[in-house]
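Subject: Structure for your review

Dear colleague,

Please find below the structure that I am handing over to you. My notes on it follow.

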Amino acid sequence: MFALTGNIMAITHEKMIEIQDLWFEYPNKRIALKGIDLHIHPGEKTALVGLNGAGKSTLLLHLNGILNGHGTIWIDGIRLTANTVGQVRALVGLVFQSPDDQLFSPTVFEDVAYGPIYQGLPPEEIEARVRMALNMVGMQDYGDRAPYHLSVGEKKRVAIATVLSMQPKILALDEPSAGLDPRARRSLINLLKGLPHTMLIATHDLGLVEEVASRVLVMSEGKITADGKTEHILKDKETLQKYLL
Amino acid sequence: MHPSPPPMHIPDGFLSIVVSSFFWAVSVGVLSIALRKTKRMLREKDFPLMGVLAAAIFAGQMLNFSVTGGTSGHLLGAALATILLGPWAATLTMTVVVSVQALIFQDGGLLALGANLFNMAIVGVAVSYAVYRLLLNLSKKQKFIPLAGFAAAWSSIFIASLSCALQLAFSGTSPAQIAIPAMASIHALIGIGEGMITAGALIFIGRARPDLLSGETAVSASSRGVFTGGIVISVALAVLSPLASSHPDGLEWVAEQQGFIEAARSPMYNLIPDYLLPGVESEALATILAGLIGVVIVLGVSIGITHNRQISRPNDSRL
Amino acid sequence: MSNNFSISDPYQPGTSVVHQLGAQTKLLLALGYLFTTAAMPEKAWKVYPVLLILIICTAFLARIRLVSLIKRSLLAFPFHLAALPVLFTLPGDPCLILSWSKFSIAVSAPGVNRFLAIGAKMWLCIQAAALLTATTPMRQLLAAVDALRAPKVLTAAAALMWRYLFVISEEAVRLMRARSSRSALLSEGQGGGSIAWRAKVTGGMAGSLFLRSLERSERIYNAMQSRGYDGKIRTLPSTQAEECAPLTLVIGGFLFACLLLLGTLWQ
């Protein structure tokens with residue numbers, strides 16, 4: 001008996017993200033999330049696909065407590081509450097759709113340094129983190145530039161760096177490839193493939209899904225209607241037709 | 001539900017008809033001048049600019065940074081608008097902002113709009129322009145701009161608050177001895193927040209679009225009026241306020257004496273020998289006490305307004 | 001921290017009599033009401049209930065829930081505190097004495113009266129203004145203001161402001177959300193940066209909003225030019241706003257004058 005239990009325990013993964021029965025209603029009474037249940041394993045790169053209005057962005061905003069619905073959310077085993085939000089925000093790096101909404105400092109360096117500064121890290125550590133984050137996104141020479149003057153692709157990469165400097169375990173990205181030209185898009189896809197983090201990526205870009213994600217969640221009208229391996233979902237014409245195309 | 005600028009929007013019911021009418025007349029007068037000036041000076045592009053920037057200022061007033069616990073600092077934006085647009089366009093833009101706030105969101109009354117416009121769109125703008133230009137005469141280096149902006153923004157809030165206090169005092173809503181020191185001290189603090197945010201914005205803009213800040217290097221003929229006006233207003237209000245707060249106007253003082261005598265007749269009074277009526281007995285102490293009480297009250301007003309706005313948020317995130 | 005601010009349009013659509021009344025008429029009536037209330041003598045307490053009834057009746061006719069109106073007045077209540085000192089400094093019969101150790105302060109009856117009167121007037125005026133905006137869409141209100149000879153530049157700029165208010169406010173909300181997302185604490189009570197730094201960051205956010213708005217306005221200007229804008233502001237004449245019901249205004253004016261007279265007599 002003990003041996004059997006031991007085996008089961010070895011098979012069970014620790015869930016990086018776990019959501020139980022999440023409901024969310026906007027002030028105008030529109031119910032955006034209707035009982036979401038999901039769990040994501042460490043290192044798993046999951047794509048979240050669905051039409052506009054399906055609830056993808058709303059779901060992402062729950063991961064670091066910006067929106068609060070009914071239901072429970074655990075991030076890396078920590079239950080998300082008003083008390084633990086501060087901790088959770090260090091674990092979940094949320095990258096928004098429009099980079100202009102995230103780059104609000106005079107220089108790239110200062111933008112990437114915001115997170116570490118807020119955390120109260122010592123100056124040397126801050127410097128090290130910024131360098132590391134900029135390196136990871138390939139923008140190491142851009143520290144002194146004003147984000148305002150960068151191209152969309154460059155801004156998107158800096159935006160990712162602004163959360164990487166906090167050394168999160170999870171990256172949640174909302175439409176990362178939207179508005180990028182083919183070259184910038186290729187660069188972004190390669191970047192995401194190379195990063196080791198657990199990811200939840202909301203996107204319309206099925207090519208990106210195919211290359212980066214191992215798992216796909218299909219959302220429609222506030223519910224998850226399909227969940228499976230990328231190869232299976234992308235070949236499932238019926239599901240795609242019903243909820244996406 | 002809408003953003004929270006510093007508490008200077010006077011609601012209706014607070015100002016006497018005389019005071020509100022007077023300031024309506026003054027504001028309309030100054031605005032007509034502003035309109036004439038802008039017709040000549042501005043390019044065609046600037047009317048969409050004023051409209052959209054008015055929206056940006058309104059939205060910008062939503063931005064905040066936490067100071068301690070429940071309080072946060074906000075931006076009014078008069079100084080920033082002045083630095084970016086020049087005084088006349090800024091006056092018109094702030095007029096649009098304050099008017100829409102009053103008309104649509106009931107932030108500030110409609111009868112009191114003339115007075116509110118005077119405080120925020122006219123005094124706020126003129127004072128920031130004067131201070132900014134004055135300081136830039138000292139040094140035109142890029143690095144100095146945020147500092148000049150800080151001073152301009154602080155002054156705009158501080159002086160505008162004096163104007164606001166005087167309006168309340170002349171209406172009999174809040175006694176001068178309390179309203180003025182209270183508004184002045186609270187807004188001296190709030191002004192620091194405005195100053196810092198304005199400086200931060202100028203640093204950002206200085207990096208991204210330095211061309212926007214180079215502007216006029218010398219005070220042009222048409223703006224000279226604003227420059228002088230700004231200085232005159234600041235000095236006038238700064239001098240008038242302490243005068244008003246330590247000497248209640250003649251009529252009021254006589255009335256207080258009368259009241260004192262009448263109250264002396266009621267037996268209740270005789271039980272309390274140290275009856276302290278501000279302005280009559282131990283004036284210095286009374287003023288200080290009154291000022292302290294006033295500070296607490298206005299602080300309560302500011303916190304109360306911020307707190308109220310946070311409570312009414314549609315979807316409450318606990319942070 | 002305000003992560004979820006949303007500006008809401010105060011207009012509540014409907015087909016009531018009040019909704020259908022011309023915007024100009026409503027605006028003038030509202031202004032008349034405000035003037036009457038503000039000018040009402042402080043001690044005319046017998047007339048205040050009449051003013052209240054006017055509000056309630058209009059709200060009823062317009063099928064607007066009173067609760068929604070009352071919500072809009074909560075904003076201004078803290079400002080009422082600014083009038084608190086008047087309790088103590090207005091000379092008159094003391095009706096309450098507060099004392100501790102050697103100091104005592106008297107609350108005078110006229111002081112209480114004035115304090116309450118200010119509160120009542122403030123509240124009534126806000127209800128009236130809230131009723132106006134609940135029953136009249138912004139477009140029409142602007143057209144009404146326009147018809148009352150307000151400068152075209154200002155009304156045109158206000159219309160544009162209204163159009164972009166929600167869009168730009170959303171940008172401000174997203175900026176704050178992005179900042180919140182990166183505001184994490186390793187342990188309780190640590191970090192947060194200095195106040196000056198936080199203010200500077202907020203300034204950067206404001207700067208970003210302003211610059212983007214500037215660019216937006218240039219794009220708008222280009223679009224306007226492509227549609228033939230030549231510098232003169234022309235707006236569609238709004239038939240609704242120009243419709244002014246003189247009879248209603250006369251009756252209203254008469255009513256307000258009577259109330260003021262009553263107020264002066266019934267002190």
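What pattern does chain B follow, read along the sequence? The order is α-α-β-β-α-α-α-α-α-α-α-α-α-α, which comes to twelve helices and two strands. Please note that this is a predicted model. Its scores are ipTM 0.89 and pTM 0.84.

Chain B

Of the 319 residues in chain B, 60% are buried. Among the contacts in this chain with a separation of 6 or more, 77% are between residues 24 or more positions apart.

Helix 5 (residues 113-136) of chain B packs against helix 6 (residues 145-170) of chain B at an angle of about 145°, and the two axes are 8 Å apart. The crossing of these two helices is right-handed. On the side of helix 5 of chain B, the residues that meet helix 6 of chain B include Phe118(B), Met120(B), Val123(B), Val127(B), Val131(B) and Leu135(B). Their counterparts in helix 6 of chain B include Ala148(B), Ala152(B), Ser156(B), Ile159(B), Ser163(B) and Gln167(B). In this contact, 16 residues are nonpolar, eight are polar and none is charged.

Chain C

The secondary structure of chain C also consists of twelve helices and two strands, but here the pattern along the sequence is α-α-α-α-α-α-β-β-α-α-α-α-α-α. The average pLDDT of chain C is 84, and 89% of the residues score at least 70. Buried residues account for 47% of the 267 residues in chain C. Of the contacts in chain C between residues at least 6 apart in sequence, 80% join residues at least 24 apart.

How do two of its helices pack, and at what angle? Helix 3 (residues 48-62) of chain C and helix 7 (residues 109-135) of chain C have axes 11 Å apart, at an angle of about 20°. Helix 3 of chain C is therefore roughly parallel to helix 7 of chain C. Their crossing is left-handed. Helix 3 of chain C contributes Tyr48(C), Leu51(C), Leu52(C), Ile55(C), Thr58(C), Ala59(C) and Ala62(C) to the contact, while helix 7 of chain C contributes Ala120(C), Leu124(C), Gln127(C), Ala128(C), Leu131(C) and Thr135(C). Ten of the residues in this contact are nonpolar, three are polar and none is charged.

Chain A

In helix 2 (residues 56-63) of chain A, which is mostly covered, seven of the eight residues are buried. These are Lys56(A), Thr58(A), Leu59(A), Leu60(A), Leu61(A), His62(A) and Leu63(A). After helix 2 of chain A comes Gly65(A), with a positive phi near 80°.

Why does Ile31(A) count as partly exposed? The reason is that 14 other C-beta atoms lie within 10 Å, whereas a buried residue would have 20 or more and an exposed one 12 or fewer. Beyond its neighbours within four places in sequence, Ile31(A) is in contact with Glu25(A) and Gly222(A). Although Ile31(A) and Gly222(A) are 191 residues apart in sequence, they are 7.5 Å apart in space, C-alpha to C-alpha.

With kind regards

Technical notes. Residues numbered from 1 in each chain as written. Chains lettered and ligands numbered in written order. Predicted model: local features only at pLDDT ≥ 70, side-chain atom pairs only at ≥ 80, totals over all residues. Axes fitted to C-alpha atoms, helices over the stretch in contact; angles between N-to-C directions. Helix = DSSP H or I, 4+ residues; strand = E, 2+ residues; numbered from the N terminus. Parallel < 35°, antiparallel > 145°, perpendicular 65-115°, else oblique. Left-handed = near helix turned anticlockwise from the far one by under 90°. Contact = placed C-beta atoms within 7 Å. Nonpolar A, V, L, I, M, F, W, Y, C, P; charged D, E, K, R; others polar. pLDDT = per-residue confidence, 0-100.
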